[in-house]
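Visitor: I'm new to this one. Can you put it up and take me through the helices?

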Amino acid sequence: MAVKNAMTADFLRSAYGGESMAHMRYLHWGNLAEKDGFPNIGKLFKAIAYAEQVHAGNHFQELKNQNGDYTVAAGAVFGIGTLVENLQGAINGELHEVEQMYPVYIETAKFQDEKGAQRSFHYALEAEKIHANLFSEAQKAAKEGKDMQLSTVNICPVCGHTVLDNVPDACPICGTKKEMYKTF
């Protein structure tokens, strides 16, 4: 179904921009974490970068009927700091999405009866809650000078659900089968 309302379309473009920037930022911060001797935190950043790409792709797909040039306003964290500072930037960005951005976007999409946008925003919101917690765990370890303890980070390619080590039989957010998860 095509997006009918300009405000929901603007929110999809903004979310697309923010998720795209998070994707690139996390790849960069992941490389830095690995270089600094924290391979598991680096893996976490890179896996969550993939989840952010999933979110951006979902938002972009909802905009399939919105052709043309647009100026896209999206909030983003910029800069390179220490590992602990970069993790704080990630936490802050995820919490902004969880506490402010996506709840407003979802309510607007509901009000405007934009079912596809509701789904896309909901998928992102639920995954971002997990990301904030995982980045907090990583930061706790980094503050102690330690790497995170994990074997794999697994991402649902449909909604971005993120889980360490053991993949559920079906995604708790979207129902995607365990075999579809991407493992890092």
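Visitor: What handedness does the crossing of α1 and α2 have?

Guide: α1 passes α2 in a left-handed crossing. Left-handed is used if the near helix is turned anticlockwise from the far one by less than a right angle, and right-handed if clockwise. Keep in mind that this is a predicted model, where local features need pLDDT of at least 70, side-chain atom pairs count only at pLDDT 80 or more, and totals for chains, interfaces and linings use all residues. Residues are numbered from 1 along each chain as its sequence is written, and side-chain values use heavy atoms, with hydrogens and water left out.

Visitor: What counts as a helix here?

Guide: Helices (H or I, at least four residues) and strands (E, at least two) are DSSP runs, numbered from the N terminus.

Visitor: At roughly what angle do α1 and α2 cross?

Guide: The axes of α1 and α2 (residues 39-62) cross at roughly 165 degrees and come within 8 Å. Axes are lines fitted to C-alpha atoms, for helices over the stretch in contact, and angles run from 0 to 180 degrees between N-to-C directions. That makes α1 roughly antiparallel to α2. Angles under 35 degrees count as roughly parallel, over 145 as roughly antiparallel, 65 to 115 as roughly perpendicular and the rest as oblique.

Visitor: And which residues of α1 and α4 make the contact?

Guide: First the geometry: the axes of α1 and α4 come within 12 Å and cross at roughly 30 degrees, so α1 is roughly parallel to α4. On the α1 side the contact is made by T8, F11, L12, A15, E19 and Y26, and on the α4 side by A117, F121, A124, E128 and F135. Contact means heavy atoms within 4.5 Å.

Visitor: How many of those are nonpolar, polar and charged?

Guide: The contact of α1 with α4 has 8 nonpolar, 1 polar and 2 charged residues. Ala, Val, Leu, Ile, Met, Phe, Trp, Tyr, Cys and Pro count as nonpolar, Asp, Glu, Lys and Arg as charged, and the others, Gly among them, as polar.

Visitor: Is α3 roughly parallel or antiparallel to α1?

Guide: α1 (residues 6-35) and α3 (residues 83-111) have axes that cross at roughly 165 degrees and come within 11 Å. The two are therefore roughly antiparallel to each other. Their contact divides into 14 nonpolar, 5 polar and 3 charged residues.

Visitor: What follows α4?

Guide: G145 follows α4, with a positive phi near 75 degrees. Just after α1, G37 takes a positive phi of about 90 degrees.

Visitor: Changing topic, which residues does the UniProt domain annotation cover?

Guide: The unreviewed UniProt entry carries the annotation "domain: Ferritin-like diiron" for residues 2-146. UniProt positions are given in the numbering used here, feature names are shortened, and annotations may be inferred rather than shown by experiment. In the model, residues 2-146 are 77% helix and 0% strand, and the end C-alpha atoms lie 48 Å apart.
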